[in-house]
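Please keep the display at hand while going through them.

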There are 2 protein chains.
Amino acid sequence: MADNPSKSEKSNKLKAKLPRGLADRGPAEIAATRRMLETIRGVYERYGFEPVETPMFEYTDALGKFLPDQDRPNEGVFSFQDDDEQWLSLRYDLTAPLARYVAENFDTLPKPYRSYRAGFVFRNEKPGPGRFRQFMQFDADTVGSASPAADAEMCMMAADAMEALGIPRGSYVVKVNNRKLLDGVLEEIGLGGDEHAGKRLTVLRAIDKLDRLKPEGVRALLGVGRKDESGDFTKGAGLEVQAIEKVMQFVCPTESTLNLKGDALLTLPTSFNPGDRFREGANEINEIRKLVENAGYAGDQIRIDQTVVRGLEYYTGPVYEVELTLSDDTGRPVRFGSVGGGGRYDGLVARFRGEPVPATGFSIGVSRLLAALQHLGKIETKPEPGPVVVTVFDRDRIADYQSMVKRLRDAGIRAELYLGSGKLGPQFKYADKRNSPCVIIQGGDEKARGEVQIKDLILGSEIAGLSKDRDDYLQKQAEAQFAVAEDGLVDAVRKVLARRAGSL
Amino acid sequence: MADNPSKSEKSNKLKAKLPRGLADRGPAEIAATRRMLETIRGVYERYGFEPVETPMFEYTDALGKFLPDQDRPNEGVFSFQDDDEQWLSLRYDLTAPLARYVAENFDTLPKPYRSYRAGFVFRNEKPGPGRFRQFMQFDADTVGSASPAADAEMCMMAADAMEALGIPRGSYVVKVNNRKLLDGVLEEIGLGGDEHAGKRLTVLRAIDKLDRLKPEGVRALLGVGRKDESGDFTKGAGLEVQAIEKVMQFVCPTESTLNLKGDALLTLPTSFNPGDRFREGANEINEIRKLVENAGYAGDQIRIDQTVVRGLEYYTGPVYEVELTLSDDTGRPVRFGSVGGGGRYDGLVARFRGEPVPATGFSIGVSRLLAALQHLGKIETKPEPGPVVVTVFDRDRIADYQSMVKRLRDAGIRAELYLGSGKLGPQFKYADKRNSPCVIIQGGDEKARGEVQIKDLILGSEIAGLSKDRDDYLQKQAEAQFAVAEDGLVDAVRKVLARRAGSL
């Protein structure tokens, strides 16, 4: 590796800047994410899943290269070399590391093995709006079961998670498909066999963009290719016109609108002759449908949808995704898109074991789901109330102020000593910025009387707009700043906090 | 960068192996860590600190190079190059990224700015027992206050956190020192000024090893150098004998035992003439002492200790660390060592701002603290109870079994359907391995009678050792496996769970 440029850096002042595609997370987002993850965790635990976590990086070989975006350096992965020259990569999802984990601990794990984990993943992609190079996923996986019941369970768990988060029925749907159906169609048009794996993937990825590019865009990508708005040209799969039509007829039977009803399953292209692989996929789909219906899930919760493909290469059977439909400002429903998805990946653990190990898993895009919950007003993303600020009126008496803080904290009240160098004005401004409920002041006069002043900042800002002549102004002003005896400090602050809790 | 070797990999079977120095985390460790972090978080919130999190990597320049272990490639940091050739590094601590965050958001943040975060950090070090290349830290920092009250607050918060975690008084101590004191000693022996910064660091790091290497080892590192047990030679600071003695007299005044009493502050080397820097450090130390005493902390909670140095280069004033003293099997106290530490780093944010920005922070080594809590029996690290397992007696009736699972889950009970392909025997073994409280069985006979069988696995294993003739065996056997009507399933399982909760 080349020498690090910082060594020759001569400028005196470094630039404080995050690399592109990365983001810091503030208190409101952290708290909202934690609440959301706890809710999902509760659902997954109830399903018998248990947590397991793997590190942020792995041997590059162990992760494999299954990302859709192959036009990027290192195929979308951040890699670096270890001392012993072996390549390491930051994980790009949580599935590939889990496959390594299960293979490494195969003999000691219960099988089938149900597990879940939330964690950051990394993509070496061109960053864009809402497209980050580090983001969080929340995954659940069942390894060691080939049964469609395992896939059905994933779909039900996804639906349960959405409802536990407060997303109303009708605003989410779990859409299910099976890669084998499309594989059958591709076989029929002569794209079967290992030698066409690359081309099949190009076709899958074209279909995966149906939502965004509409049928005409997908048709272009199945053929010679497509020029996007920026003028960039994406090479297509190079299928013949007839083959393209067969694929399109299967993927969106009517083509006038996307098929969102789900009752069009097995709408086959004219002249289509389903082979074994197709029938196998159809049977699995029907089995899943039977199980979820029997468990009481309705068609608006879990639904068959032929357009679902999922971009990742490693899926081998059932695939599913959770789509949200939210309302815009005028109350009109808008498709928010996918907040999670997954599928069966029977080949991933097998790479290590040399024997087939069936597996299926589901991954939630945490930031995207959080954005949806904010839109729905289902999660609090306002900053939490700040601490009580004990101001420093007289710098020599800082130890006294410190012990007031201590008394408040010992009573379980969030409290802090002002640690800056400003006078009282800046201290009040600081407390405002911290979203403090109240500040405590003790100057020489108060000290002499054995008192402290308590200033309610919320009430103070409320009465700022009131007419100063009115009685309620005077009364509220008296409530907004008042003196109490030193030993009444904790009780008085509790009253202010209670007032605030009541007004929320 | 060289091409990735996986492309030319020809072997059919990949090795499932974590890179050296990394570890997976199982359910018990994850749950225990979560509980521990929640407790610490509660204390930090009460002190008015708010969460903020930064990404796993940053521009290499922005992080700087402050790690002690400079004999490693890339100076202990994992680095890789971005598309635009700029170097990125995985964070090696949480302080350097926070400095970047504060500098980047300086104008919008309240100042002083108190924040906390838990997160993984990465060190490109030689892994060893208990020494990992990814590990978690829990940091709290106050940026924008030069007051020793900010340092005192850190020490009190550290003590409060230890007590909140259940570590008894006397088993932990927060030890405080000030880099300026030692800087004063170093000035006195002619190591002042920028030109001796490197040598001063060598001296600091030698002293930081006092615990492990004892005075004779440190003395060697201050002089020509030291050969360790493995025969590796570490070059020393090259001080003259007289200078070494002055340093040693200050660091451990008696030298016969380490000074753990803390009342030896300002025990000066003979012929030592304290300069301004030393006096400044002594004043700060005394200020901190006054504040913590006034807030009611005793000497066995927070104590001055001249041997505390902390290995990181960026500390500029007060430094502190939390040491635990636990008991071995025979009840004898053993030093467990440091579970956290920190100090004042007034220069770190200034690197970006071009103006001084005082700051102080404290970092907990999460895994190490967890190990200590386990040793003390203060945190549960046994696996949690597993789910109720509904067995599959008749594969054609999987949808029926699925709906039993659904009924249990809807009642808030952790439950799952057996998803493997084994017969009843392997299903029971699976349930045992999952730590399940009970399994549900419904064969054809039970179905005909409208019943289900419930088998209590805990009770079942308890009676396995009892004599089969005795009455209590027969009674318990009846309790351990029994039939209930289908619609009594949820209530019966609740009873089994209650029995278990009672016996714990």
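**Notes on the sheet and helices of chain B**

1. In strand E5 of chain B, B:Tyr116 is the bridge partner of B:Pro51. The model under discussion is a predicted one. Strand E5(B), residues 113-122, runs parallel to E1(B), and two bridges join these strands.

2. These strands belong to an open sheet of eight strands in chain B, with the order E1-E5-E6-E13-E12-E11-E7-E10 and mixed pairing. At its edges are strand E1 (50-51) and strand E10 (302-304) of chain B, each of which pairs on one side only. In general, the strands of a sheet pair through backbone hydrogen bonds, in either a parallel or an antiparallel manner.

3. Which strands does helix H4 of chain B lie across? Helix H4(B), residues 148-164, lies across E6, E7, E10, E11, E12 and E13 of chain B, and runs at about 15° to E11(B). Helix H9 of chain B, residues 276-294, also packs on the sheet, where it touches E7, E10 and E11 of chain B. The direction of H9(B) makes about 150° with that of E7(B).

4. Helices H7 (residues 210-222) and H8 (residues 241-251) of chain B pack with their axes 9 Å apart, at an angle of about 160°. H7(B) is therefore roughly antiparallel to H8(B), since angles over 145 degrees count as such. Their crossing is right-handed.

5. To this contact H7(B) contributes B:Leu210, B:Pro215, B:Arg219 and B:Leu222, while H8(B) contributes B:Ile244, B:Val247, B:Met248 and B:Val251. By class, the contact has seven nonpolar residues, one charged residue and no polar residues.

Definitions and conventions
Residues numbered from 1 in each chain as written. Chains lettered and ligands numbered in written order. Predicted model: local features only at pLDDT ≥ 70, side-chain atom pairs only at ≥ 80, totals over all residues. Pairing = 2+ DSSP bridges. Helix = DSSP H or I, 4+ residues; strand = E, 2+ residues; numbered from the N terminus. Contact = placed C-beta atoms within 7 Å. Axes fitted to C-alpha atoms, helices over the stretch in contact; angles between N-to-C directions. Parallel < 35°, antiparallel > 145°, perpendicular 65-115°, else oblique. Left-handed = near helix turned anticlockwise from the far one by under 90°. Nonpolar A, V, L, I, M, F, W, Y, C, P; charged D, E, K, R; others polar.
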